Structures are given as structure tokens and as C-alpha cells.
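Welcome, and please open your viewer. We will take a short walk around the ligands, one selection at a time.

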Amino acid sequence: MKLVINGDEHEVDAPVGASLAAVLRERLGLTGTKIACNEGHCGACTVMIDGVPVLSCITLAHSVEGEVTTIEGLRDHPLVDAFVRADAVQCGFCTPGQVVSAAALVAARPTPTEEEIRHAMAGNICRCGTYPKIEEAILHWRD
Amino acid sequence: MELLRPSSVDELDGGLFIHGGTEVVPLLRDGIVRAETLVDVRGVVPRGVTGGRIGAGTTLAELEADARVPDALREACRLAASPQLRNMSSLGGNLLQSTRCWYWRLKFPCRLHDGERCHAADGEHREHAIFGNDYCASAHPSDVAAALLALDGRVRTTRREIALAELYRLPDEADRRMTTLEPGELILEVEVQPPAASTYLKAMDRKRWSFPQVGVAAARTGGGTRIALAGVAPVPWLLDGPEDVERATPLPRTAWKVDVARALVRRALAELG
Ligand SMILES: Cc1cc2nc3c(=O)[nH]c(=O)nc-3n(C[C@H](O)[C@H](O)[C@H](O)COP(=O)(O)OP(=O)(O)OC[C@H]3O[C@@H](n4cnc5c(N)ncnc54)[C@H](O)[C@@H]3O)c2cc1C
Ligand code: SF4
Ligand code: FES
Ligand code: FES
């Protein structure tokens with residue numbers, strides 16, 4: 001199977017049924033993508049396929065057709081700094097998924113309203129409850 | 001396991017269909033469904049909206065954002081699942097999702113797993129059904145199906161065209177299936193006529209991103225008003241009229257859903273004016 005991830009092409013050998021999240025972490029060493037619930041509930045494993053946020057834990061690696069962007073591909077995105085400035089991180093386990101969802105949101109809407117942020121970020125659960133700070137980070141991502 | 005990717009209906013030959021995989025992948029992983037062959041149907045099932053026809057491969061996210069889609073369906077999609085799931089979820093897959101009954105998901109040997117009893121009926125059933133619940137008390141989780149039932153949608157498959165209502169059946173001792181789809185039959189399109197007005201209201205255990213406790217869809221057309229409910233019966237449930245709520249047969253711990261349904265039906269009808 002061939003996967004394009006953060007602009008690089010990878011040839012991967014994995015059994016059909018393997019999730020994209022497992023392939024990223026275990027075969028490619030891209031461990032920035034986290035697996036928490038592993039069943040589509042929490043958003044920790046969010047990556048983009050062709051710019052659209054999806055859950056890599058319930059995506060079959062073999063069915064991926066587009067280009068995958070993981071948190072490693074967003075290293076230089078201003079949102080990363082914005083999260084740090086707003087102190088939007090506690091344990092940090094949900095953070096990669098939060099940043100990926102936020103990056104897709106600001107690409108579509110550079111100045112989202114609070115309501116738009118809440119709607120677009122609803123699939124990323126934060127056990128530590130950093131929601132107000134995440135909202136602040138996204139509101140001020142370009143400052 | 002192998003994965004096939006047919007590009008036309010003629011190439012279909014058995015296997016387990018997978019579109020977005022949001023339902024299939026967890027069920028496979030938990031061993032609730034098994035397959036030697038997975039068939040990725042994205043190359044076969046139409047996607048997009050043309051007039052009143054909606055490709056079964058259209059995602060809930062696309063429907064949520066499409067102004068041509070009747071309000072009830074758009075709102076049902078907007079309130080369903082989470083943004084990432086709506087990006088992945090196809091309309092066809094949504095209509096065919098399995099129950100969220102925790103006994104079933106945890107593989108208790110209940111009637112829907114060909115066992116002899118309904119574990120929910122005499123167990124934990126706060127989230128379960130208030131209609132059609134004497135054999136299996138599960139509550140159908142699709143917001144989208146309730147909206148389409150109120151809109152009197154029609155479903156075109158590789159073999160026939162049926163009313164959405166005919167896609168579903170209550171399970172019984174002789175036949176435990178919840179849909180009338182035959183093995184190998186693929187949903188291609190859903191057709192809806194634009195209503196004069198329609199709406200979808202949803203009660204959840206939190207404000208966002210949750211399955212419906214009770215969902216109420218209402219659509220007014222020249223022929224009258226149709227009201228359909230999610231989360232209240234093993235299948236999407238059509239009411240004969242608002243007073244039909246009083247014919248509910250709640251379990252000991254689901255009576256609260258009758259109150260919620262009554263209130264939401266009243267509000268939905270008020271919204272339609
Ligand atoms: C955590 C979670 C929360 C959710 N919350 C909600 C909610 O609040 N409201 C709601 O309405 N839904 C909710 N859903 C359901 C979700 O919308 C569905 O899982 C999704 O729509 C299924 O679409 P899919 O393309 O991923 O289907 P798949 O997983 O690919 O397939 C689902 C089923 O349909 C069959 N299938 C798929 N396409 C076709 C076709 N064209 N013809 C015939 N058979 C087909 C498959 O074989 C399989 O049996 C939730 C799901 C999850 C995982
Ligand atoms: S409600 Fe249906 S799925 Fe749940 S335990 Fe009873 S028979 Fe099984
Ligand atoms: S790990 Fe994928 S949604 Fe929780
Ligand atoms: S920071 Fe701990 S889960 Fe979000």
C-alpha cells in the first residue's frame with residue numbers, strides 16, 4: 001500500500017483491517033497522532049485527508065486515497081504557538097487532534113466565531129477540560 | 001481479509017460493503033461482524049445532490065452544508081455525531097447503522113445475537129425504546145432516518161425502489177433482521193420531495209455530539225404533516241399524529257422519553273406553524 005503523508009510518499013506493508021492510526025504510529029513512527037478510545041468517540045486520533053478532518057482510528061489504512069496530514073505536518077502552523085500562548089494544554093493527550101481540527105477550521109474560516117469554533121471542535125474531547133483555552137487559542141491564532 | 005474496490009455495480013459479488021467505515025470498522029474489530037472480503041463501495045455509490053435525489057454516498061457533512069436539502073434533513077445531519085464522523089459518514093451507511101444497545105455492542109447473547117432474551121428489558125434500559133419494544137427494546141440511533149421518514153423519502157437500491165419506511169422492519173422470533181435489504185443489495189440514492197416546511201429537534205444527554213435520546217422530525221406538505229421519531233423504537237418510528245405519543249409502551253425506566261417526545265412534538269409542530 002502507498003500512503004502520502006505530510007507530502008512524503010511511503011510504501012507500507014500491513015494487513016487489510018489495520019487502521020490508519022495504527023499504521024502511522026507503529027509502522028511509520030509518526031506517534032504524534034494519539035489513540036485514546038480507538039472507536040470513534042474522542043477525536044484524539046484526528047488527521048486530515050485532503051484537508052478534511054477524519055478519525056484515523058476507524059479509517060482503514062488500505063482505503064485511504066488522498067493525502068494525509070498529521071500533527072507532524074503542522075509543526076510550523078501558527079496554531080501550535082497559539083495553543084502554547086493560550087496555555088491550552090494540560091496533559092496534552094488530546095492536543096494533536098485538537099490542533100488538526102483547528103487547522104482545518106481556520107483554513108476554511110480564518111476568523112471563526114465562537115459558535116463556529118464550538119461546532120467545528122465538538123468532536124475533540126478534552127478530559128482535562130481545556131476547552132475555554134482552546135477557544136481562546138483559535139480566536140487569536142494569528143496574533 | 002481482502003479489500004475490493006469495484007468501480008461499477010456489475011462488479012459486485014458478495015462481501016461486506018464498507019463506505020465511510022465508521023460503523024463497519026469498530027464492529028469488525030469487536031468481532032460483532034466478520035468478513036473475508038470487504039467491498040469498498042465508494043466507487044459505485046453516487047455522491048452529491050441533484051434536484052430531490054441524494055446520492056447514498058453523500059456525507060452527512062456535505063448534506064449539513066447544502067441549502068437545497070430540506071431543513072429537517074439538514075438539521076438532523078448537523079446535529080448527528082461529531083464533525084470528523086460527519087466528514088466520514090455516508091448517508092447510506094447512516095440508514096443502515098446497527099443499534100447502540102450496550103448489551104448488543106458488548107456481545108451479550110441477546111435476541112438480536114440470536115439468543116433467547118432481551119437483556120435490556122430486565123436490565124439497564126434507560127436509553128431504550130418506548131414503542132415497538134416487546135421483542136427487542138433497542139432505540140434506533142439515526143437522526144437522519146427519522147428526518148427522511150418524516151419527509152417520506154424513497155430509497156433506490158440496485159434491485160428496487162421502496163419507501164424509506166419499507167427499508168425497516170421490527171425483528172421477531174422468526175426473523176431477527178431490522179432491515180429488509182437483501183444480501184448484496186446496495187443503496188444507491190434517496191429521493192425527497194421538497195416539503196412546504198420541515199424541522200428536526202433533538203434531545204441529547206449533552207448539548208453537542210451525542211446520539212439522540214429522542215429526535216423529532218416533522219414535515220408539512222400539501223398532503224398534511226408527517227412526524228417521525230428517532231431513539232424511541234428499534235426502527236425509525238412514524239406517528240399517526242401528535243396524540244400517538246400517548247400510545248407509547250415504555251419500559252419501567254424509559255417513561256421519561258414519553259414526556260420528552262410529547263414536548264418535542266409540540267415544539268416541532270409549533271415551529272412548522
Ligand atoms: C461514535 C459515533 C457517534 C454517532 N452519532 C450519531 C448520531 O448522533 N446520529 C446519527 O444519526 N448517527 C450517528 N452515528 C452514526 C454514523 O453517522 C454512521 O456510523 C455513519 O453514517 C455510517 O456511514 P458509513 O459510511 O461510515 O458506513 P459504514 O460503516 O461504511 O457502513 C455501515 C453499514 O452500512 C452498510 N452500507 C454502507 N453503505 C451502503 C450502501 N450504499 N448500501 C448498502 N449497504 C451499505 C455497510 O455494510 C454496514 O453494514 C454515530 C457513529 C459513531 C461511530
Ligand atoms: S434491546 Fe435488542 S439489542 Fe438490546 S439486549 Fe434487547 S434484544 Fe438485544
Ligand atoms: S482514538 Fe480515534 S476517536 Fe478516539
Ligand atoms: S489536555 Fe488532557 S485531555 Fe486535553
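Keep in mind as you look around that the model is predicted.

Which residues come nearest to ligand 1? Of the 33 residues around the ligand, the nearest are Phe17(B), His19(B), Thr22(B), Ser90(B) and Asp143(B). Now color by chain: ligand 1 is surrounded by residues from chains A and B, so the site is shared between chains.

Next, show the polar contacts of ligand 1. Select Phe17(B), where a polar backbone atom is 2.6 Å from an oxygen atom of ligand 1. Move on to Thr22(B): here an N or O atom in the side chain is 2.6 Å from an oxygen atom of the ligand. Then pick Lys202(B), whose side chain has an N or O atom 3.2 Å from an oxygen atom of ligand 1.

β2(B) gives the most, with three residues.

Now color chain B by domain. Domain 1 (1-42) and domain 2 (45-96 + 127-272) both give residues to the shell, so ligand 1 lies between them.

For the last stop, select ligand 2. The space that ligand 2 takes up is the largest cavity. Around ligand 2 are 13 residues, the closest being Cys101(B), Cys110(B), Cys118(B), Cys136(B) and Ser138(B). Color this shell by residue type to find nine nonpolar residues, three polar and one charged.

Note on methods. Residues are numbered from 1 along each chain as its sequence is written. Chains are lettered from A and ligands numbered from 1 in the order in which they are written. This is a predicted model: local features need pLDDT of at least 70, side-chain atom pairs count only at pLDDT 80 or more; totals for chains, interfaces and linings use all residues. Side-chain values use heavy atoms; hydrogens and water are left out. A residue is near a molecule or strand if one of its heavy atoms lies within 4 Å of it. On a 1 Å grid over the protein atoms alone, a cavity is a set of points where a 1.4 Å probe fits but cannot get out, and a pocket is an open set with protein on both sides within 12 Å along at least five of seven lines; lining residues have an atom within 4 Å of a point. A molecule sits in a cavity or pocket if more than half of its atoms lie within 2 Å of its grid points. Ala, Val, Leu, Ile, Met, Phe, Trp, Tyr, Cys and Pro count as nonpolar, Asp, Glu, Lys and Arg as charged, and the others, Gly among them, as polar. A polar contact is a pair of N or O atoms within 3.5 Å; within protein, one must be able to donate a hydrogen and the other to accept it, and residues adjacent in sequence count only if both atoms are side-chain atoms. Helices (H or I, at least four residues) and strands (E, at least two) are DSSP runs, numbered from the N terminus. Domain bounds come from an automatic or database domain assignment.
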